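Me: I am new to this structure and would like to go through it in short questions. Please show it to me before we start.

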Amino acid sequence: MLRTVLSRLAPSLTRPSACCYGTAVPVPSAQPDVRFNKLFINNEWQDAVSGKTFPTINPSTGEVICQVAEADKADVDKAVKAAQNAFRLGSPWRRMDASDRGRLLYKLADAIERDSAYLAELETLDNGKPYVIAYMADLPLVVKCLRYYAGWADKWEGKTIPVDGDYFTYTRHEPVGVCGQIIPWNFPLVMQAWKLGPALATGNTVVMKVAEQTPLTALYVASLIKEVGFPEGVVNILPGMGPTAGAAIANHMDIDKVAFTGSTEVGHLIQQAAGSSNLKKVTLELGGKSPNIILSDANLENAVEQSHIGLFFNQGQCCCAGSRVFVQADIYDEFMERSVERANRRVVGDPFDFKTEQGPQVDQEQFNKILGYISSGKREGAKLMCGGGVAADRGYFIQPTVFGDVQDNMIIAREEIFGPVMQIFKFKTLEEVITRANDTKYGLAASVFTSDIDKANYVSSGLRAGTVWINCYNVFATQAPFGGYKASGNGRELGEYGLEAYTEVKTVTIKVPQKNS
């Protein structure tokens, strides 16, 4: 996900001696032990109230890994009560110094770093992403995120305000309260850190629903949360389904804020639920159909490789994937030829193999959906340049696919595919491409490749997107905010901006006998 990690990683992906922070990537176990499969409520492992479980599937084989406790409304209610109790006035969590909250986050980051190899194995088993990527990209991102917000814990300060009259006025940054968080399956560990970091740094308590497709690493992190000393009820982790556990969080009258990462369709439902319940604060990081614009003066070698990473990384399962590649007409043919050649070289296979670049899609539903979009593209007249089929006899593997001659009104040009399917468009002028790039309900990310800084600034200022990359793609840093325009969501995660959604600002005014400057 991070190009700063990927650029360092890419040349050595095929070698077992690949290093992360000076340490060789450990040889993985393809069958790591599953240590936790229950609900984590009030620092205890519990069965669901209903006794129900669901299977979590290995996407490389389609086989069941294990059964996991399935939370529903009754379990959400239990978790909310635990979180409320942890947030009560005078509780150990509320009385804890902000610097000590930061210390706990540092300890959690250290524990995750210690167990990175096991967590990468578990992520690969449950999600299907290549083990080397999980170990060298995802886990360092998690650790950096938690350490970044640990540092913020005692620095998120209010102000004194010189109001008129004999008064002393100041503001306090206070935690919102009980935060419901619903995370997706494409980056389970990273999304968990993005949510927990700012929420805990600012003193909130959390009820988190993890994706039913990928619950295992989140539950292991829950065990580390208890290990490092977070008080009971501060963090509660619930595997479960969206229509039951997710809906219960969105509709709950005692949850003060909900954060969701996932589809725009579900984001609408969460926004509606918040409005019809207690008007809880809402932040949404939703879908995208991001334009990637290649100007004729771009460094073509870099543009081809970055466009390849921008689309195919994580099996194409990225909300910000650069799926609409707009190429200026006079370099279109060469860019197409090089992109097809690069896609054909992409190594698809066993995600535990160090040579693998692309693992399986996350589940049968996504697998079928992506193949359906490929069929749609062919029916509507897009030119299939490579791929387009199943890549293995079992599991949910799809060939890296490139379409040319794509028109803006085609389904594959309008809808988020969330898979390894690149669509390449032709354009002539800057004004034309800016208009076409913005002609979408989404606005999550975009990119521009050019050697002319004036063109880069002109195009980037015209794009309606929360993040614009210039001559690069998928550059994420914990210090920089991320979020979308339009139907790609509202609010920002990461950076200092990420603290705002977890904060209430209280103004306190005191009458004084006499005010002096």
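Me: What is the mean pLDDT of the protein chain?
Reply: This is a predicted model, in which local features need pLDDT of at least 70, side-chain atom pairs count only at pLDDT 80 or more, and totals for chains, interfaces and linings use all residues. Residues are numbered from 1 along each chain as its sequence is written, and side-chain values use heavy atoms, with hydrogens and water left out. pLDDT is the predictor's confidence in each residue, from 0 to 100. In the protein chain 96% of residues reach 70 or more, and the mean is 95.

Me: How many contacts does the stretch of residues 1-5 have beyond near neighbours in sequence?
Reply: The pLDDT over residues 1-5 is below 50. Where pLDDT is low, the predicted coordinates should not be read in detail.

Me: Which residue in β24 is the bridge partner of Phe168?
Reply: Strands are DSSP runs of E, at least two residues, numbered from the N terminus, and two strands pair if DSSP finds at least two bridges between them. Strand β8 (residues 167-175) runs antiparallel to β24, and nine bridges join them. In β24, the partner of Phe168 is Ile510.

Terms used. Helices (H or I, at least four residues) and strands (E, at least two) are DSSP runs, numbered from the N terminus. Contact means heavy atoms within 4.5 Å.
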